[in-house]
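I opened this entry to keep track of what I looked up. My notes follow in the order I made them.

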Amino acid sequence: MKVEALPVTKGDYNLADYDQAYESFDWKEVEKEFSWSETGRVNLAHEAIDRHAETHRKNKVALYYRDPERNEKYTFADMKKLSNQAANVLKNFGDVEKGDRVFIFMPRSPELYFSILGAIKLGAIVGPLFEAFMEGAVRDRLEDSGAKVLVTTPELLERVPVDELPELKHVFLIGDGVKEDDVHIDFMAKFKEASKKLSVEWVDREDGLILHYTSGSTGKPKGVLHVHNAMLQHYQTTKWVLDLQEEDVYWCTADPGWVTGTSYGIFGPWLAGASNVIVGGRFKPEHWYKTIEDYGVTVWYSAPTAFRMLMGAGDEIVKQFDLGSLRHILSVGEPLNPEVVRWGMKVFNLRIHDTWWMTETGGQLICNYPSIEVKPGSMGKPFPGVKAAIVDDQGNELPPNRMGNLAIKKGWPSMMRQIWNNPQKYDSYFMPGDWYVSGDSAYMDEEGYFWFQGRVDDVIMTSGERVGPFEVESKLVEHPAVAEAGVIGKPDPVRGEIIKAFIALRDGYEISDELKEEIRTFVKKGLAAHAAPREIEFRDKLPKTRSGKIMRRVLKAWELDLPTGDLSTMED
Ligand code: 6R9
């Protein structure tokens, strides 16, 4: 795909010279930022909150929170006390100790964040769950992790099969009308009385911090364990990729049930001492733009699916808001279509910076930095201190422009340390040569930019040609009638596979054979004849995860009448 690179806009960026940093960077330098380099022990929550409460940032706003009912702000000094209180509640009434799994299952609220930080201060391992999970999904995760404590709300309690979870000892409820017994505890009643003082549990850098469950294509979801050491990555990427500076107001739209909502919704921004905006409630374009206007958001981290929805809502409503505060926009979770980048230039006059990483990698690995050229459609270049390559199935590095496995050399600080209860699964991520294999296929161009092609199992082989579904999907969404597209390979006796596209149309477009033909021709002309979908099926909606990923395996299962596998992370 030929693209025009977008030049750098002038600015005082934290990372001024990428090439030089890539040459000389050493993670050891980052360790010096934290108090643990002297003591040997550490606690991420202390570094993220308490440390700032002792400095000039004491009265700086750490958290701006709002949802349809609440509108609040808390300084770093407030956050220190409130997370101490939460820790004391968990310790005194839930017997929480170092290493215990504490799960949090509730909609976004300030208390959710106090609880996560409080649990971490005790050295517990936090397991955040999407509030939309139903009983089966909740049970799988609490069971597998052996969770001892759960923090939830009275409304969500009916989805927690407490009697079937022998290891679950205490359930804290945040909300009205809590009936207490041996297991159930009224969190807020205890919280109000709790001491604001706490001695933080100092832990080893390799001790557990957070357990994020992610779904594979088969089997039960797997628990990805991260450790306190990950903060090196959270901190440095926040500096250089998010480019957070002292005056910034930062907004990450992700829920903490997704790794983006913890690594960059909690850890990164607060480790860097930034003002962090957190918004609850449902997505609505007007509310989103209003959030940027009201808080004067300067740095904004979101996902392609959200940008596509904003794009679909039209450019007129953008003009009703003053978005002049924005200076840096980033994206993660799915390939960022060049069309969306062009839309961003048009309506915000800013580049949207794609970042690539995974739950398993704990932090950003391949990114577009404010001080490098952006090639729309590319994920960017490896973070300093990170070695990325395209390798074949034996672990041999491939030359530029060859599609293969996107792999990372082991040794970056935020790499997962375990798949909970499943060492075989953990081992299956690695290849000879110390490569962590992502499961994504990609290629690297001559200038070292990486281009995403699809999940390895999504790559299509049609008449002997390898086609990455993302390229086809990106072309499809350039067509004015197409809101979203998901592309799969459908087995074909002659061609091996043919390309089949599932398409959701934009408002105002009608399904017709002419439109199908027009879309097909559009891809043929714009991309390549062999990449044009031979079959097109229109759907009102495409199956997506809560983090916005189009679930191609579900499309494939529909098509082939196969079981769809684990659907717990699919949006409603
Ligand atoms: C952070 C996160 C990981 C998978 C990953 C890849 C896809 C993420 C992407 C991207 C293309 C990007 N993905 N970022 N694909 N371009 N910039 O998303 O974690 O939910 O575990 O998903 O998401 O396929 O392997 P997670």
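**Salt bridges across the chain**

I began with arginine 308 and glutamate 484, whose side chains meet in a salt bridge, with N to O at 2.9 Å. This is a predicted model, so I read each value as computed from it. Next I looked up where the two partners sit. Arginine 308 is in helix 12 (residues 304-312) and glutamate 484 is in strand 25 (residues 482-492), so the pair ties together parts 176 residues apart in sequence.

Are these two partners buried or exposed? Arginine 308 has 8% relative accessibility and counts as buried. Glutamate 484 is buried as well, at 11%. The cut-off I applied is under 20% relative accessible area for buried.

I then turned to glutamate 478 and arginine 342. Their side chains form a salt bridge at 3.0 Å, N to O. Glutamate 478 belongs to helix 15 (residues 469-478) and arginine 342 to helix 13 (residues 338-348), so this bridge ties together parts that are 136 residues apart in sequence. Glutamate 478 is partly exposed, with a relative accessible area of 22%. Arginine 342 also counts as partly exposed, at 42%.

Lysine 80 is in helix 5 (residues 76-94), while glutamate 54 is in the loop between helix 4 (44-53) and strand 1 (61-66). The two are 26 residues apart, and the pair links distant parts of the chain. I checked cover on both sides. Lysine 80 is partly exposed at 24% relative accessibility. Glutamate 54 is exposed, with a relative accessible area of 51%.

How many salt bridges does the structure hold? I noted 43. I also found a network of them that links Lys490, Lys500, Glu535, Glu537, Arg539 and Glu559.

I stayed in the loop between helix 4 and strand 1, where threonine 55 lies. Threonine 55 is partly exposed, with a relative accessible area of 32%. What does its side chain reach? I found the backbone oxygen of histidine 52 at 2.8 Å. I also took a C-alpha to C-alpha distance from threonine 55 to phenylalanine 76. The two are 9.5 Å apart in space and 21 residues apart in sequence.

**Valine 200**

I looked up valine 200 next. Its place is in the loop between helix 8 (187-193) and strand 8 (208-214). Valine 200 is buried, with a relative accessible area of 13%. Which residues touch it, leaving aside neighbours within four places in sequence? I listed Asn43, His46, Asp50 and Lys121. For asparagine 43 I also noted the C-alpha separation from valine 200, which is 7.6 Å. Along the chain, these two are 157 residues apart.

**The ligand and its shell**

I then moved to the ligand. I counted 18 residues around the ligand, the closest being Asp354, Thr355, Thr359, Asp440 and Arg455. By class, nine residues of the shell are nonpolar, four are polar and five are charged.

Which elements each supply at least two shell residues? They are helix 10 (259-271), strand 14 (352-356) and strand 22 (450-455). Strand 14 gives the most, with three residues.

A nitrogen atom of the ligand is 2.8 Å from an N or O atom in the side chain of aspartate 354. Tryptophan 258 has a side-chain N or O atom 2.9 Å from an oxygen atom of the ligand. Arginine 455 places a polar side-chain atom 2.9 Å from an oxygen atom of the ligand. On its own the ligand has 530 Å² of accessible area, and the protein covers 93% of that.

**Helix 10**

Last, I checked the backbone just after helix 10. There glycine 273 takes a positive phi of about 70 degrees.

Methods:
Residues are numbered from 1 along each chain as its sequence is written. This is a predicted model: local features need pLDDT of at least 70, side-chain atom pairs count only at pLDDT 80 or more; totals for chains, interfaces and linings use all residues. Side-chain values use heavy atoms; hydrogens and water are left out. A residue is near a molecule or strand if one of its heavy atoms lies within 4 Å of it. A polar contact is a pair of N or O atoms within 3.5 Å; within protein, one must be able to donate a hydrogen and the other to accept it, and residues adjacent in sequence count only if both atoms are side-chain atoms. Accessible areas come from the Shrake-Rupley method with a 1.4 Å probe; for residues, only the protein chains shown count as cover. Helices (H or I, at least four residues) and strands (E, at least two) are DSSP runs, numbered from the N terminus. Ala, Val, Leu, Ile, Met, Phe, Trp, Tyr, Cys and Pro count as nonpolar, Asp, Glu, Lys and Arg as charged, and the others, Gly among them, as polar. Buried means under 20% relative accessible area, exposed over 50%, partly exposed in between (1.4 Å probe, protein chains only). Contact means heavy atoms within 4.5 Å. A salt bridge is a side-chain nitrogen of Lys or Arg within 4 Å of a carboxyl oxygen of Asp or Glu.
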